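The structure comes next, and the notes follow it.

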Amino acid sequence: MKRQDSGSQRYGFTTWQQTCLITSTLIGVGVLTLPRTATSHLLEAGWMAPIVGSLGAYYSIWMIAKLSRRFPGMTFVEYSPLVWASKESPKLGKLLSLPWIFIYLSFIYVATGMVSRIFGEVVVTSVLLNTPLEVIMMTMFLLAFFLSLHEVDVVARVNEILFPLIIFPVLFIAIASFQKADWSYIFPLIRVSGKSIFEGAYEAVYSFSGFEIMLIYYAFSQHKAGKEKAGIVGILITMVVYTLIVVAGITVFGYEELQRLTWPTLELVKTTQVPGLILERLESAFLAVWVAAVFTTVANAYYAVIYGLRQCFNKGILFQRIASAFLFIPLFFIALLPQNIVEIFQISSYLGIGNLVLNLGVPTMYWIVLFLRGKARVPKERKADG
Amino acid sequence: MDRRWSYLCLLLLCLSFLAGCWDRRELEERASVLAIAIDAGGEDEERYRVTVQIPIPIKIAGSSGQGGGGNSNAVKVMSVTGRTITDATNNLQLRLNQRLFLGHTRVVAISEEIAREGIADILDGFRREALIRRLLWPIIVRGKASSLLEIKPELAQIPVVFIMDLVENGRKMGTIPDKTLGDYLNETSNKSMQPFLNYVEATKREVKWIGTAIFHDHKMVGSLTPIETWSLLQLRDQKRGGDVIMPLAGEEDAYVTLRPRFVDTNLTIRPNISKGGGLEAVFACEVQGDIMEYVPGHMRFASPEEFIRVMQKELKQELEKRAKHMVTKLKKHNSDILKLGLHLRSYHFRDYWSHHDWNKAFKDFPIRVEYTIKLRRLGMEMQQ
């Protein structure tokens, strides 16, 4: 494959690759805590949280896909100046778009740090008890760095390969644990007020953050690929997996016990017995596979940030490689900022809601601007001939 | 140039085969605790006495050629006191050459004395410890809990394995409830039900399952005999329970034995007609089973049909009597281990649960048990 430094040469992502990209980015550390956060306000009806919580994500990804369709082959960084100013004044456009690009990239950047921190916490508390947190985080960073050395098509392929490895274990755990399920736990179906439904959904929102990386990756879509379809299906798969895991959590533990478990999904794995005692300690196997899920979350997001920067400064792959090596240093310290587990969950909850605001707000704003400037449609070139 | 690089790569590749675990710990290098027993401490400050059973790998038959002498010393039993459970395990570590490892713990024996005081404090440590498995079995021991670890069963090398097999087999046969730590924790967190645990008694050589210990808010409040436990298992978990041996009315030394094969229980909540107003819980339990023994040689019925009809009726009465007895006991101890509260909360939330305090209401909630016996076979014998 020909490597070109300019961002203009695109390797086509298929629709399926984009779906994998979205799903594997969304499924990450959130899945380990979701049964607890989802039931905190909704009690027995916690399984509604991922469903309601994903509504914003659908809308947002649809708008992002439409933006990308309006500016085909361009990333958020490339089309932002065109949204804010006409082609004739690129300086102005760049200036006006910089804050948004900056907010987005730094947000993804910080979120990535938190994901790797939570990953480290899980590993340290449950499997590698004597390993320092920093080492675990660094190994994850190294993996992400390794991915950042490559061109963007590698990202798509890596996600495509890892996709089954992420989906099936989680699905397997959810379904295998149903043998211990007591379905009385999910009744009464609804007893909380309408307000609590949204409070509960708000808790689940964090698990649906991360799809904003498609602001970058949609640019590499194949010409015929269905961007909207990929986005919607990607989130749909995630939602189904999440709902299943929450249902499994509620039916096995009951919502009261879920509130007391730091990592409910991990406990779910621990209590799940595979018939025939093939694997008695399923949690080690599960965590080993789950590393892939976290890797795709961290690496995709980190790659998006680095790629965004590269386009921002109009640089080539060399810049990307060097930047990816150096940007880990601040990321490392950001990840170490929260002092304890309570703070981590608090921050990730804030990040979730900030993410929702950003993902709903910025694409909407862009569309409003495009409409106001009368550029919502792609100018038809044939008209000039006539 | 290319060649040299490929040689280097090959060399590096070979190195990866030499890799090992730098902080590995061999199996013999850790003191794996198989069972923990918790008794009251006695001394003023030290609240708990913790006894652990550690297998000695080299002495277990089959692990190496020389081992397998007597089974008496295949395990080491050690005992320490402490203010909390973790304090006690730390004190134990001071006396051990290897690192204590709780990841293989399968049984936690708790003495009845401690259980009656409440075991919330004990389980807090287990809740937090990542190595502890939710599938381990907490067992309440009548008398001293440490006696359970000191038995010499002879049928198994390691006493804990013997106990585990005992519970596991009973679970498979449907006679002993499978109550794991996870179940206990779930049931104590849940506001609509109470937990129960297996209850055993240990003598010098043997261990015997003597029913279940029932709890209320982490405190043991009473116990059920094996027969009562089987009623509970039939109503709660649709497990078959043990054989029903019923003395026949009007005869001396006359017994009939029913072996339940399948149990199907339906719990319905109905408006209480007889006592006016309110709700009533009806456990409709269908038992399919065989006659396994019938020992008044001389008592004969007119026809096999008649025999089955009479037996079904009498067994129904017997089982209902037993269940009623069990329910009365639960009500006396105010401990809803039947999952009735959960059912009410799930399916009758608005019309019942939201305006009743189950902790108080369970005592007076009318419960009716209706058995249906279906005798399917008479064993290998065709005459009654």
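In which helix of chain A does Thr33(A) lie? Thr33(A) lies in helix 2, residues 30-42 of chain A. The model is predicted, and the points below are grouped by topic.

- Leaving aside residues up to four places away in sequence, Thr33(A) touches Thr262(A), Trp263(A), Pro264(A) and Phe345(A).
- Leu318(A) belongs to helix 15 of chain A, which covers residues 317-326.
- The relative accessibility of Leu318(A) is 58%, over the 50% cut-off, so Leu318(A) counts as exposed.
- Between Leu318(A) and Gly30(A) there are 33 Å from C-alpha to C-alpha, for a sequence separation of 288 residues.

**Interface of chain B and chain A**

- The contact involves 25 residues of chain B and 26 residues of chain A.
- About 2400 Å² is buried between the two chains, and carbon and sulfur atoms give 42% of that area.
- Arg134(B), Leu135(B) and Arg345(B) together supply 23% of the area that chain B buries against chain A, more than any other three residues.
- The rule finds 7 salt bridges across this interface, and 9 residue pairs are in polar contact there, both residues being at pLDDT 80 or more.
- On the side of chain B that touches chain A, the elements giving two or more residues are helix 7 (181-189) and helix 10 (340-347) of chain B.
- Helix 10 of chain B gives the largest share of that side, 4 residues.
- By class, the residues on that side of chain B are 9 nonpolar, 7 polar and 9 charged.
- One of the charged pairs is Glu44(A) with Arg345(B), whose side chains form a salt bridge at 3.7 Å, N to O.
- Glu44(A) and Arg345(B) also belong to a network of salt bridges with Glu256(A) and Lys191(B).

**Fold of chain B**

- Chain B has 11 helices and 14 strands.
- The radius of gyration of chain B is 27 Å, whereas a compact globule of 384 residues would have one near 21 Å.
- Along the principal axes, the C-alpha atoms of chain B fill a box of roughly 95 × 65 × 55 Å.
- Of the 384 residues in chain B, 50% count as buried.
- Among contacts in chain B with a separation of 6 or more, 66% join residues 24 or more positions apart.
- Helix 8 of chain B (residues 226-236) is mostly covered, with 9 of its 11 residues buried; among them are Glu228(B), Trp230(B) and Arg236(B).

**Salt bridges within chain B**

- Over all chains, the whole structure contains 34 salt bridges.
- Lys179(B) pairs with Glu187(B) in a salt bridge, with the closest N and O atoms 2.8 Å apart.
- Lys179(B) is buried at 4% relative accessible area, and Glu187(B) is buried at 5%.
- Glu280(B) and Arg368(B) meet through their side chains in a salt bridge of 2.9 Å, N to O.
- Because Glu280(B) lies in strand 13 (residues 279-294) and Arg368(B) in strand 14 (residues 367-377) of chain B, the pair ties together parts that are 88 residues apart in sequence.
- Glu280(B) is buried at 8% relative accessibility, whereas Arg368(B) is partly exposed at 31%.
- Arg368(B) also forms a salt bridge with Glu370(B), the closest N and O atoms being 2.5 Å apart; Glu370(B) is partly exposed at 28%.

Key:
Residues numbered from 1 in each chain as written. Chains lettered and ligands numbered in written order. Predicted model: local features only at pLDDT ≥ 70, side-chain atom pairs only at ≥ 80, totals over all residues. Heavy atoms only, no water. Contact = heavy atoms within 4.5 Å. Buried area = accessible area lost by both parts, 1.4 Å probe. Salt bridge = Lys/Arg side-chain N within 4 Å of Asp/Glu carboxyl O. Polar contact = N/O pair within 3.5 Å; in protein donor to acceptor, adjacent residues only side chain to side chain. Nonpolar A, V, L, I, M, F, W, Y, C, P; charged D, E, K, R; others polar. Rg over C-alpha atoms; globule rule 2.2 N^0.38 Å. Buried < 20%, exposed > 50% of the residue type's maximum accessible area, 1.4 Å probe, protein only.
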